[in-house]
Amino acid sequence: MSGLPYEFALALRYLRPKRTFVSVITLICILGVTLGVAVLIIVISVMTGFGIQIRERLIGFNAHVSVEDARQPELQDWEALAARIATNPAVKGVTPYINTQVVIETQPADGSPSSVFGTIARGIDPQRESRVSKLTNTLVSGEFRLGPNSLLLPYVVARNHRLRVGDRVAVYSVPALRRMREAQRRGEEEVRTADDYTVRGTLDLGMNDLNSSLVLTSLAYAQDLWGQGDRTGVQGLNIMLHSFD
């Protein structure tokens, strides 16, 4: 009897052949298990890294928590609520937002045919937004400035509709179009012209879905396009925590 533990003695008994030190079958078995474990480790590492990257991109654009009023579309007295939420030690930043559907018509200066497309216009406060998301760090061209009647477009939207920094577009709000339709049903003539906006910059939001379905404008002008309440409320508050885990 050898002094080896039972497990090692049993393993050596079947791994070590009687005539040669290592048999071909033993080598094949050992190499097969080694390659299988190595491939499994590599796949798990790649998928874990991919998941972390996707998570960082999603969280970098979207806040950890969103607060809205379930009883009505408008969040009233949001500044007081934001100040109260910000006092929580787990909160890193709070910012208001508005998401509203709009229809945009390009106005090419060279006389080429215009294009019309629908998208979501997000109204933000640039100063507060930097505490909650990475939107302010996604600029590709132009400047991150949301002045009067200004838009920031994802580079995919700008490329698909041949838009450049400085171009002007016509923005139709859905509430305005709805009011025109209702006026027509009543037999009234009501014409609402679109608001002219200027493209101030292009962004890369990191994901194709976001780069093809969103434009940014200031909170005040999003309130006008949204058409809810008395133009002082917001749709909700985005909250960023110090730790998401």
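Analyst: Accessible areas come from the Shrake-Rupley method with a 1.4 Å probe, and for residues only the protein chains shown count as cover. By that method the protein exposes about 15400 Å², of which carbon and sulfur atoms supply 57%. This is a predicted model, in which local features need pLDDT of at least 70 and side-chain atom pairs count only at pLDDT 80 or more, while totals for chains, interfaces and linings use all residues. Residues are numbered from 1 along each chain as its sequence is written, and side-chain values use heavy atoms, with hydrogens and water left out.

User: Why is Phe50 called partly exposed?

Analyst: Buried means under 20% relative accessible area, exposed means over 50%, and partly exposed lies in between (1.4 Å probe, protein chains only). Phe50 has 48% relative accessibility, so Phe50 counts as partly exposed. Of the 245 residues of the protein, 34% count as buried.

User: What makes the nonpolar surface patch of about 590 Å²?

Analyst: Nonpolar side chains (Val, Leu, Ile, Met, Phe, Trp, Tyr) are joined within 5 Å, and like charges within 9 Å. The patch is made by Val39, Ile42, Val43, Val46, Met47 and Phe50. Phe50 lies in helix α2 (residues 24-61); helices (H or I, at least four residues) and strands (E, at least two) are DSSP runs, numbered from the N terminus.

User: How do you know that the buried residues of α8 line one face of the helix?

Analyst: The buried residues of helix α8 (residues 219-226) are Leu219, Ala222, Gln223, Leu225 and Trp226. Seen down the axis of α8, they fall within an arc of 165°, so they line one face. The arc is that of the directions from the helix axis to the C-beta atoms.

User: What makes β3 a partner of both β2 and β8?

Analyst: Two strands pair if DSSP finds at least two bridges between them. Nine bridges join β2 (residues 91-106) to β3 (residues 116-124), which run antiparallel. Five bridges join β3 to β8 (residues 214-218), and these run parallel. Both pairs therefore meet the criterion.

User: Why is Asp77 called exposed, and Asn149 partly exposed?

Analyst: Asp77 is exposed because its relative accessible area is 55%. Asn149, at 23% relative accessibility, therefore counts as partly exposed. Asp77 lies in the loop between β1 (65-67) and α3 (78-86), and Asn149 in the loop between β4 (139-142) and β5 (150-154).

Methods: Patch = residues over 30% accessible without salt bridge, like charges linked within 9 Å, V, L, I, M, F, W, Y side chains within 5 Å. Salt bridge = Lys/Arg side-chain N within 4 Å of Asp/Glu carboxyl O.
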